[in-house]
Amino acid sequence: MEYRTLGRTGLTVSKLGYGGSPLGDEFGAADPLEGERAVHCALDLGINYFDVAPYYGRTLAETRLGAALAGRRDKAILATKCGRYDVNGFDFSAARIRRSVDESLARLRTDYLDVFLAHDIEFVHESQIVDEAIPAMRAIQREGKARFIGITGLQLNMLRRVAEAVPVDIVLSYCRYNLLMTDLDDVLTPFAKQQGVGLINASPLHMGILSSSGPPPWHPAAAEVKEAGRRIVEFCEHHGVRASDLALQFAFAHPYVSTTLAGMPTVEQVRQNVAAASNPMNETMLAVSLALSANYKNRSWPSGLLENQDA
Ligand code: NAD
């Protein structure tokens with residue numbers, strides 16, 4: 001496993017990170033014992049970054065990850081979030097964030113977080129993130145409950161504006177750098193690189209579209225984007241290549257992102273994705289896959305308040 005430095009935090013993170021949302025059954029019912037084995041396998045194979053949130057499975061994913069990491073907490077760089085608690089349940093008030101961190105610490109069976117992130121910030125007014133949420137998270141950091149703090153979301157311009165307005169250690173963006181999307185580099189990468197902000201890329205499989213698992217029923221992408229992804233998966237399978245391998249390798253090749261987070265609820269997926277991290281990318285398959293997605297590239301979807309949309 002290759003390790004990279006996460007911006008100015010100095011944290012050394014595996015280039016493949018463990019995405020915890022499937023542990024909360026967000027991609028269909030996951031076998032809890034298999035999920036625990038998947039977490040152990042990830043640790044055994046050198047993955048050291050673990051991402052979760054109270055929102056995933058409405059606390060279920062944190063509870064399961066906390067149980068799986070019991071006794072091996074010190075081997076993990078553990079990240080969780082605050083501010084999002086349901087599909088339409090957001091609360092970025094300082095009081096809720098203070099309660100939230102303590103609840104997460106209890107579920108995760110630890111007394112500190114390595115990374116604490118404001119979750120999907122585009123759902124509230126920017127001023128609340130800048131003036132209330134981030135200062136509350138900095139206070140939590142000073143108390144020693146979190147080593148580093150940051151923000152996550154889909155809307156790139158808002159992530160950048162907030163990081164310009166108030167210093168953050170880490171920005172996590174999802175579904176913005178993979179075989180179907182690369183606009184992360186138009187908005188966030190140059191800024192993060194210049195400022196030394198740690199950059200995390202989530203959902204390299206475009207939340208399942210670029211894998212044999214396929215998208216979950218709630219996937220918000222347009223039908224033609226899903227169709228473009230399906231064509232890539234079929235093309236890869238026809239040539240004996242796993243689309244998820246190609247998609248991950250494309251993401252790993254990013255020159256500034258430190259860790260790419262993939263959701264992996266099974267041992268088999270962990271093993272496959274870790275193997276993809278050490279195998280070379282098939283450049284011919286990449287060229288054809290990018291050609292197959294060219295007409296549907298960089299098509300995102302609305303998320304959050306109207307005032308926070310990228311376009
Ligand atoms: P993803 O692109 O990683 O896709 C996950 C899906 O792909 C799951 O169905 C998984 O079972 C499947 N999969 C993974 N490896 C596979 C393989 N080898 N073969 C077949 N199928 C495979 O999407 P994601 O899980 O949404 O993103 C990764 C993680 O990033 C999340 O779990 C979460 O921790 C984080 N994330 C954070 C935010 C945020 O903070 N706003 C948003 C999205 C994701």
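## Helix packing and ligand contacts: worked exercises

In this predicted model, a polar side-chain atom of Gln 269 sits 2.8 Å from an oxygen atom of the ligand.

**Exercise 1.** Find which residues are closest to the ligand, and how far the polar side-chain atoms of Asp 51 and Ser 203 lie from a ligand oxygen.

*Solution.* 
- Step 1: list the surroundings. The ligand has 31 residues around it, and the closest are Asp 51, Asp 120, Ser 213, Gln 269 and Asn 273.
- Step 2: take Asp 51. One of its polar side-chain atoms is 2.5 Å from a ligand oxygen.
- Step 3: take Ser 203. Here the distance from a polar side-chain atom to an oxygen of the ligand is 3.1 Å.
- Step 4: apply the cut-off. A polar contact needs a pair of N or O atoms within 3.5 Å.

**Exercise 2.** Work out whether H1 and H10 are roughly parallel or oblique to each other, then sort their contact residues by class.

*Solution.* 
- Step 1: get the geometry. H10 spans residues 267-278, and its axis comes within 8 Å of the H1 axis, crossing at roughly 25 degrees.
- Step 2: classify. Angles under 35 degrees count as roughly parallel, so H1 and H10 are roughly parallel to each other.
- Step 3: name the partners. H1 brings Glu 34, Arg 37, Ala 38, Cys 41 and Ala 42, while H10 brings Val 267, Glu 268, Val 270 and Arg 271.
- Step 4: sort them. You get 5 nonpolar, no polar and 4 charged residues.

**Exercise 3.** Now do the packing of H1 with H2: what are the angle and axis separation, and which residues make the contact?

*Solution.* 
- Step 1: H1 (residues 32-44) packs on H2 (residues 60-69) at about 55 degrees, the axes being 9 Å apart.
- Step 2: that angle makes H1 oblique to H2.
- Step 3: as for handedness, H1 and H2 cross in a right-handed way.
- Step 4: on the H1 side the contact uses Pro 32, Glu 36, Val 39, His 40 and Leu 43; on the H2 side, Arg 64, Leu 65, Ala 67, Ala 68 and Leu 69.
- Step 5: by class, that's 7 nonpolar, 1 polar and 2 charged residues.

**Exercise 4.** Describe how H3 packs with H4, including the handedness of the crossing.

*Solution.* 
- Step 1: H3 (residues 94-107) and H4 (residues 126-142) pack at about 40 degrees, with axes 9 Å apart.
- Step 2: their crossing is right-handed.
- Step 3: Ala 94, Ile 97, Arg 98 and Val 101 of H3 meet Glu 132, Ala 133, Ala 136, Met 137 and Ile 140 of H4.
- Step 4: the class tally for H3 with H4 is 7 nonpolar, no polar and 2 charged residues.

How values were computed
Residues numbered from 1 in each chain as written. Predicted model: local features only at pLDDT ≥ 70, side-chain atom pairs only at ≥ 80, totals over all residues. Heavy atoms only, no water. Axes fitted to C-alpha atoms, helices over the stretch in contact; angles between N-to-C directions. Helix = DSSP H or I, 4+ residues; strand = E, 2+ residues; numbered from the N terminus. Parallel < 35°, antiparallel > 145°, perpendicular 65-115°, else oblique. Left-handed = near helix turned anticlockwise from the far one by under 90°. Contact = heavy atoms within 4.5 Å. Nonpolar A, V, L, I, M, F, W, Y, C, P; charged D, E, K, R; others polar. Near = heavy atom within 4 Å. Polar contact = N/O pair within 3.5 Å; in protein donor to acceptor, adjacent residues only side chain to side chain.
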